[in-house]
Amino acid sequence: MELVAPEGPVYQAGTLSGNPLAMRAGLETLKQLRRPGFYQQLEDRAAQLEAGLRRTLEALNLPYYLTRVGSMGCLFFTDRPVKNYTDALRCDTQAYGRFFHGMLAEGIYLAPSQFEAFFLSAAHSREDVEHTVAAAGRVLAQLAEASRP
């Protein structure tokens, strides 16, 4: 710490920089990340969520594009691939808004914009994902019903 300003020549700033509680939390997080099977379990949960959403969207015949890398994903309501910002702008943002509010009413908080990603964490259990998929099924069924003539 003698090298860090104001005593030393290295300037470092940040809300929790040098905070002992933040440092301890960081160290404990690193310990968890090193546990055998940690990343595989996270991948399994994310794959479970992706599969459940795809199954539901396809069963309801709703147009969508869902992308996922590891525990991060994004859902768009569209009938074509989304590869860039211009593609994303062509998606049905109002449908995503209705999906967001429906999920919120189900007690599940998603990113409020389709331009943001969703994230799973190690804290999410298999039961949490099942609950999320079931809630999404109810909300998406309402969206499908409302979109039919």
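Analyst: Start with a cut-off. Buried means under 20% relative accessible area, exposed means over 50%, and partly exposed lies in between. Keep in mind that this is a predicted model.

User: Why is Arg90 called partly exposed?

Analyst: Its relative accessible area is 48%.

User: What makes Arg90 and Asp87 a salt bridge?

Analyst: The rule asks for a side-chain nitrogen of Lys or Arg within 4 Å of a carboxyl oxygen of Asp or Glu. The closest N and O atoms of Arg90 and Asp87 are 3.1 Å apart. The pair therefore meets the rule.

User: Is Asp87 buried or exposed?

Analyst: Buried. Its relative accessibility is 16%, and the cut-off for buried is under 20%.

User: How many salt bridges does the rule give?

Analyst: The count comes to 7 salt bridges. Some share partners: Glu43, Glu50, Arg54 and Arg68 are joined into one network. In general, side chains of opposite charge can pair when their charged atoms come close.

User: How do you know that Arg54 and Glu50 belong together?

Analyst: Their closest N and O atoms are 3.0 Å apart. The cut-off is within 4 Å, so the pair is a salt bridge. Both sit in helix α2, 4 residues apart, which means about one helical turn separates them. Arg54 is partly exposed at 25% relative accessibility. Glu50 is buried, with a relative accessible area of 18%.

User: Which parts of the chain does the pair of Glu50 and Arg68 link?

Analyst: The closest N and O atoms of Glu50 and Arg68 are 2.7 Å apart, and they form a salt bridge. Glu50 is in helix α2 and Arg68 is in strand β1. They are 18 residues apart, and the pair links distant parts of the chain.

User: What makes β1 and β3 edge strands?

Analyst: The sheet is open and has 3 strands, in the order β1-β2-β3. The strands pair antiparallel. β1 and β3 each pair on one side only, and that makes them the edges.

User: How do you know that β2 and β3 pair?

Analyst: Pairing needs at least two bridges between the strands. β2 and β3 are joined by 2 bridges, so they pass. They run antiparallel. Met72 stands opposite Phe119, a residue of β3.

User: What makes the phi of Asn61 stand out?

Analyst: Phi of Asn61 is near 60 degrees, a positive value in a residue other than glycine. Most residues other than glycine have a negative phi. Asn61 belongs to the loop between α2 (38-59) and β1 (65-69). Its relative accessible area is 64%, so Asn61 is over the 50% cut-off and exposed.

User: Why is Ala105 called exposed?

Analyst: Its relative accessibility is 71%. Ala105 is part of helix α4, residues 93-105. Ala105 and Val139 are 34 residues apart in sequence, yet 9.3 Å apart from C-alpha to C-alpha.

User: What lines the largest pocket?

Analyst: The largest pocket holds about 450 Å³ of space. It has 25 lining residues, and Ile108, Tyr109, Leu110, Phe118 and Thr132 are the closest to its centre. α5 gives the largest share, 5 residues. By class, the lining has 17 nonpolar, 6 polar and 2 charged residues.

User: And which residues lie nearest the centre of the second largest pocket?

Analyst: Leu62, Pro63, Asp92, Ala95 and Ser147, out of 15 lining residues. The second largest pocket has about 230 Å³ of space. α5 gives the most to this lining, with 4 residues. The classes are 8 nonpolar, 3 polar and 4 charged.

How values were computed. Residues numbered from 1 in each chain as written. Predicted model: local features only at pLDDT ≥ 70, side-chain atom pairs only at ≥ 80, totals over all residues. Heavy atoms only, no water. Buried < 20%, exposed > 50% of the residue type's maximum accessible area, 1.4 Å probe, protein only. 1 Å grid on protein atoms, 1.4 Å probe; cavity = no way out; pocket = protein on both sides within 12 Å on 5 of 7 lines; lining within 4 Å. Points joined across faces, edges and corners; volume = space filled by probe spheres on them. Nonpolar A, V, L, I, M, F, W, Y, C, P; charged D, E, K, R; others polar.
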